[in-house]
Amino acid sequence: MGERAAYPSDLTDEQWAVVGPFLRAWKDRHPSVSGHQGRYELREIVNSIFYQNRTGCQWAYLPHDLPPKSATYYYFALWRDDGTDQVIHDLLRCQAREKAGRREDPTAVVLDTQSIRAANHVPAATTGKDAAKKVPGRKRGLAVDALGLIIAVVVTAASVTDNSIGVRLLDNVVAHTPTVTKAWVDAGFKDDVQIHGAINGIDVEQVRRSDTTAGFVPVKRRWVVEQTNGTLMLHRRLVREYESRPASAVSRTWWASTANLVRRLTGTATASWRDPGRQR
């Protein structure tokens, strides 16, 4: 990291010790044809991605002491397209589950969707309007385990139904985590999701919210995924949909979750705006 002052989103030495081995292994498998090692350290590339995710800044507004867009986007797009972002995330998720006394892979997931307003430059061809929530933009679907750790991510136009997203989430869960045999969903996921789950050996159960209890009441099973959505909202790049490609929005979600996993594994936290001078 050199002599520059650290940003709150930067990886500490302890955190880099968790992430670094995966990226160094990736680098060893992808040597430059010319033998050039690159101008910027991979740790600084990750710091740049974390900074943008956390602050929500535009590419042109990346601080001058971080790698510029040309370098940061090169690796961001490369890791998005070859799946490295999810591979690193999933390996860290397995470590976090083991640390919590769980098996590496879960047997149950919770599904949910969240509609996100899109910025005005996001292509209309990949956006729509959520008819129920009246939100124009995109919809982010998550499948999380009992700890709230992300198993699958799907990003679509907000006009796509929860049913369609649920089917895609289950397909991703089956492809990457075949140990899952149970899924909990809300009332927005209809029979199609339950049928698709049954075909793939997953028992899909609706957990309905009570209409008789006043005020906020955490819903059994479902509160876990809602908590995960709330944690993702700490990353301002995810509060509004800025990405031209849905695949980039998925990658942003993986990196935000990776930042959370690294803090979980090292017992650290990013200082919030409430206490900006405190590093824990």
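Strands β1 (residues 108-117) and β3 pair in the antiparallel sense over eight bridges, with serine 115 standing opposite lysine 139 in β3. Pairing here takes at least two DSSP bridges between two strands, and strands are DSSP runs of E of at least two residues, helices runs of H or I of at least four, numbered from the N terminus. This is a predicted model, where local features need pLDDT of at least 70 and side-chain atom pairs count only at pLDDT 80 or more, while totals for chains, interfaces and linings use all residues. Residues are numbered from 1 along each chain as its sequence is written, and side-chain values use heavy atoms, leaving out hydrogens and water.

β3 (residues 135-144) is mostly covered, with nine of its 10 residues buried (under 20% relative accessible area, 1.4 Å probe, protein chains only).

| Partner of β3 | Bridges | A facing pair |
|---|---|---|
| β2 (residues 128-130) | three | aspartate 130 and valine 135 |
| β4 (residues 150-157) | seven | alanine 152 and alanine 143 |

Now the hairpins. Between β2 and β3 sit four residues, and lysine 134 takes a positive phi near 60°. Between β3 and β4 there are five, and glycine 148 takes a positive phi near 85°.

On to the helices. The axes of α5 (residues 162-176) and α6 (residues 191-199) come within 8 Å and cross at roughly 15°, so α5 is roughly parallel to α6 (angles under 35 degrees).

Technical notes
Axes fitted to C-alpha atoms, helices over the stretch in contact; angles between N-to-C directions. Parallel < 35°, antiparallel > 145°, perpendicular 65-115°, else oblique. Buried < 20%, exposed > 50% of the residue type's maximum accessible area, 1.4 Å probe, protein only.
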